[in-house]
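Hi! Here is the structure I promised to pass on to you.

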Amino acid sequence: MTKPIIELKNVTRNFSAGTQTISVLKSVSLTIMPGEMVAIMGASGSGKSTLMNIIGCLDKPSSGEVYINGIATHQADSASLAELRSRWLGFIFQRYHLMPYLTAEENIAIPALYTAMPADERQARIALLAEKLGIDTRLEHKPAQLSGGQQQRVSVCRALMNGAQIILADEPTGALDSASGRALMDVLHQLNADGHTVIIVTHDRDVAQQAQRIIEISDGQIVTDNTQDARESGEIQLLPVVGVNGRASLSRSLLESVRMAWRSLLGHRMRAFLSMLGIIIGISSVVSSMAVGEGARQTIMNEIGKLGNTTLEIRPGLGWGSKRPDMERALSLDDISSLSKESWVLGVSPVVTSMTTAIRQSFASSIILSGVSDDYFSLQGIRFITGNGFTRQDIDSREPVLILDETSKEVLFPGEEDPLGQIVQIKGAPWRVIGVASKPGPKVVSGFMSAWIPYTSLLQRITGDKPLEALTLRFQETLAPQEAGLRTERLLIRAHGKKDFFVQTDEQLAKALQKTSNSMSLLVTAIAAISLLVGGVGVMNIMLVSVTERTHEIGIRLSVGARPSDIMHQFLIEAVLICTLGGVIGVLGAWAAGNVFALLTTEFSMVFTWLPVIMACSFSALIGLTFGYFPARRAARLNPTEALARE
Ligand SMILES: Nc1ncnc2c1ncn2[C@@H]1O[C@H](COP(=O)(O)OP(=O)(O)O)[C@@H](O)[C@H]1O
Ligand SMILES: [Mg+2]
């Protein structure tokens with residue numbers, strides 16, 4: 001004996017409208033056998049669509065029992081209902097419900113994408129169905145490029161994609177002209193003859209007459225149920241289930257979600273771009289500021305590297321932060337002579353500075369004078385533009401001689417080729433210019449002029465007795481900076497009897513600079529993180545709008561067998577895709593900015609490293625995941641019938 005394919009027992013469906021409850025279906029009981037062709041008739045508002053939605057597992061009864069092929073759907077969870085819709089049910093709607101941004105072929109394929117049907121089998125089945133329904137030449141068209149009859153054929157193909165033992169057609173001819181309507185009815189007859197169980201909702205008596213069985217409902221109750229020509233039960237045979245070998249695997253479903261998300265992005269380009277904008281700006285500012293930071297760091301490191309890393313500085317006190325008046329005079333000229341005796345020391349120079357005024361003709365300007373020894377220039381790697389450094393003789397006899405830097409040369413001798421031998425007045429005495437040199441290190445724009453003079457001349461002629469501010473020492477290249485520092489410390493502690501000075505090597509200087517640049521990047525990163533957060537909120541906003549706008553699409557997907565988790569994946573992946581794409585565009589933007597920057601200045605460049613780029617892209621994907629979650633969950637929780645009703 002054949003079992004019923006659809007069985008309803010005392011099904012009621014109530015809707016609450018405001019304070020009152022309206023009963024749309026009132027204790028409906030119904031049995032449909034496999035292979036039947038049933039027409040459900042009734043006036044508008046009599047409850048036909050509600051009944052259809054319950055049979056189609058899009059809706060659940062308020063009370064009563066529903067069995068589809070023996071499975072109790074009134075108790076099933078949303079995933080099992082999705083499974084039933086996917087395997088057993090095919091919907092044909094009055095308004096076709098095709099996705100406007102997909103081609104006919106892609107629309108037909110959707111039900112199969114949620115199953116494990118292999119791609120080649122899917123393509124073959126699409127071709128077969130399209131040919132059967134005479135739309136094989138229209139597969140590349142979008143719905144808007146098709147006539148109503150053609151669109152309805154596409155939707156029939158989609159309904160049949162996974163087999164569809166039960167075809168549910170809700171007013172399928174309602175929007176068609178009479179010729180197309182007749183053609184569609186022929187198709188449904190053919191499908192019924194092939195073994196599909198067909199249920200048609202209609203208010204058109206001519207359409208209903210074509211079914212073997214007409215059920216009339218009025219005000220939520222079945223009033224007549226006439227079987228016109230009973231079939232012999234021997235004729236009825238179940239259709240084999242087509243191609244549906246269970247659910248798509250997770251990796252496949254994710255891959256399909258990426259493709260769907262991509263299609264939907266292409267379908268809404270402007271909106272996608274706008275939602276990306278925040279992320280693009282955020283990411284490009286992070287990446288470019290990090291690149292600027294890295295460029296600056298490398299420039300500084302290069303300059304330090306040029307010194308050969310073989311100099312160190314000795315300063316009084318215990319470190320930069322602590323001012324110790326009792327240690328102010330820790331360094332003396334004796335230290336210079338004892339350090340100079342060491343074989344590994346190539347030169348030592350004291351440094352004493354003073355700020356004073358230099359006058360040339362009637363022009364006066366502030367100048368920083370550094371008192372140094374004759375060794376200083378070679379050990380600091382200072383390059384002479386013209387003239388020479390001091391001689392031993394200049395130091396010993398405290399000569400009033402002056403070596404200008406480039407800034408003071410420009411200020412005091414503007415436009416003059418060679419200031420050698422010229423006189424500058426300092427402290428009321430004439431000083432002779434014997435050279436012009438350029439300071440090493442990155443060019444810092446500052447209005448300050450500076451010049452070098454013998455330290456002996458400074459102490460005697462300008463400041464009077466004054467403690468030494470630092471000693472600069474150059475050591476042999478074969479010695480490691482750390483070792484040189486240790487040797488210096490040991491020697492001076494022995495000489496002073498205590499540690500009242502500190503040694504700073506270039507390496508330490510580099511480390512200090514690195515530290516500053518690190519804390520700078522941290523700050524930049526924090527600012528960027530905030531801007532990315534704002535971008536993420538923007539993405540969430542637009543995704544929420546997108547969910548609302550695409551409620552109808554979600555309804556369609558649910559009706560062809562998508563599970564709530566599939567919908568969740570799709571929207572989540574769409575958000576991740578938007579953000580990642582935004583991140584990639586942001587990185588490219590920063591890189592383009594770097595190239596423009598390089599054209600404009602050669603002082604220093606932006607240096608792109610992989611780490612910030614990779615971090616930026618993964619971070620933006622994470623933002624998509626985080627901020628896409630809420631809209632995606634909202635999409636997944638939509639009620640299928642309500643979603644479908646929304647246009
Ligand atoms: N989600 C709903 N909430 C409240 N009322 C509903 C809902 N869906 C349908 N109804 C009501 O149920 C009745 C039957 O609707 P429906 O089944 O769509 O009728 P038909 O398809 O026969 O025209 C109508 O009065 C309609 O207003
Ligand atoms: Mg209806």
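**A strand covered on both sides**

Let's begin with strand 8, where both faces are covered: T197, I199 and V201 are buried on one side, and V198, I200 and T202 are buried on the other. Strands (E, at least two residues) and helices (H or I, at least four) are DSSP runs, numbered from the N terminus. In a regular strand the side chains alternate between the two faces of the sheet. Since 6 of the 6 residues of strand 8 (residues 197-202) are buried, it is largely enclosed by the rest of the structure.

Before we go on: this is a predicted model, so local features need pLDDT of at least 70 and side-chain atom pairs count only at pLDDT 80 or more, while totals for chains, interfaces and linings use all residues. Residues are numbered from 1 along each chain as its sequence is written, and chains are lettered from A and ligands numbered from 1 in the order in which they are written.

Which strands run parallel to strand 8? Strand 3 (residues 37-41) does, joined to it by 5 bridges, and strand 7 (residues 166-170) does too, also through 5 bridges. (Two strands pair if DSSP finds at least two bridges between them.) M37 stands opposite V198, and D170 has V201 as its bridge partner.

**Around ligand 1**

The residues around ligand 1 include F15, V24, K48 and T50; here a residue counts if its C-beta atom, placed from the backbone, lies within 6 Å of the ligand. Helix 1 gives the largest share of this shell, 3 residues, and strand 1 (6-17) supplies at least two.

**Domains and cores**

The domain assignment (automatic or from a database) gives domain 1 (6-248), domain 2 (263-301 + 512-645) and domain 3 (331-499). The centres of domain 1 and domain 3, taken over C-alpha atoms, are 95 Å apart.

The largest nonpolar core has 119 residues, and V539 and A575 touch the most other members. Such a core is a set of buried Ala, Val, Leu, Ile, Met, Phe, Trp, Tyr and Cys residues joined through C-beta atoms within 7 Å. Helix 18 (residues 564-600) brings the largest share, 13 residues. Domain 1 and domain 2 each contribute at least three residues to this core. A second, separate core of 46 residues includes A330, F377, L402 and I434.

Conventions. Buried ≥ 20, exposed ≤ 12 C-beta atoms within 10 Å, placed from the backbone.
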